[in-house]
Amino acid sequence: MALLINDKCINCDMCEPECPNGAIFMGEEIYQIEASQCTECVGHYDQPTCVQVCPIDCIKPDPAHKESVEQLADKYVRLTEQTAHYGNT
């Protein structure tokens, strides 16, 4: 499933640059994760890098976006194909 940053976030700026999909962005008050771009780092790393670098453990699975590893892998393929396509225009 996609990940979610909860309201314990202290805006430390550690997670955003670590996201290989560009899914993390600054919201109105705290960082947020765009579920359509989050693959939990499937296709990039063994573990979600944002979770690994978060000093306060505020990044959790998003219950509103339940996805299997296979679905996350499919999303990774779609995202990388889009990036490759747009990079060749």
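This is a predicted model: local features need pLDDT of at least 70, side-chain atom pairs count only at pLDDT 80 or more; totals for chains, interfaces and linings use all residues.
Q: Which helix holds K75?
A: Helices here are DSSP runs of H or I with at least four residues, strands are runs of E with at least two, and both are numbered from the N terminus. K75 sits in the helix covering residues 69-87, and that one is α2.

Q: How far apart are the polar-contact partners in the side chains of Y31 and D13?
A: Y31 belongs to strand β3, residues 31-33, and it counts as buried because its relative accessibility is 9%. Among the residues it touches beyond its sequence neighbours are I5, D13, C15 and F25. A polar contact is a pair of N or O atoms within 3.5 Å; within protein, one must be able to donate a hydrogen and the other to accept it, and residues adjacent in sequence count only if both atoms are side-chain atoms. For the side chains of Y31 and D13, the distance is 2.4 Å.

Q: How many disulfides does the structure have?
A: A disulfide is a pair of cysteine sulfur atoms within 2.5 Å, and the count under that rule is zero. Take C15: its nearest cysteine sulfur belongs to C9 and is 6.1 Å away. C19 is in no disulfide either, with the sulfur of C41 nearest at 6.2 Å. That leaves a total of zero.

Q: Which residues touch the most other members of the largest nonpolar core?
A: A nonpolar core is a set of buried Ala, Val, Leu, Ile, Met, Phe, Trp, Tyr and Cys residues joined through side-chain atoms within 4.5 Å. In soluble globular proteins, nonpolar side chains tend to be buried together. The largest core here has 17 residues, and the ones touching the most other members are I5, C15, I24, I33 and I59.

Q: Which residue's backbone oxygen does the side chain of T49 reach?
A: T49 is part of helix α1, and at 7% relative accessibility it counts as buried. Leaving out neighbours within four places in sequence, T49 is in contact with E18, C19, P20 and C41. Its side chain reaches, at 3.0 Å, the backbone oxygen of E18.

Q: What is the relative accessible area of E40?
A: E40 is placed in the loop between β3 and α1 (49-53). Beyond its sequence neighbours, it touches M1, A2, L3, Q47, P48 and L72. E40 counts as partly exposed because its relative accessible area is 22%.

Q: What is the radius of gyration of the protein?
A: From the N terminus, the elements run β-β-β-α-β-α, which is two helices and four strands in total. The radius of gyration is taken over C-alpha atoms, and the globule rule is 2.2 Å times the number of residues to the power 0.38. For 89 residues that rule gives 12 Å, and the protein's value is close to it, so the protein is as compact as a globular protein of that length, with a radius of gyration of 13 Å.

Q: What share of the 89 residues counts as buried?
A: The C-alpha atoms fill a box of roughly 40 × 30 × 20 Å along the principal axes. Of the protein's 89 residues, the buried share is 31%.

Notes: Residues are numbered from 1 along each chain as its sequence is written. Side-chain values use heavy atoms; hydrogens and water are left out. Buried means under 20% relative accessible area, exposed over 50%, partly exposed in between (1.4 Å probe, protein chains only). Contact means heavy atoms within 4.5 Å.
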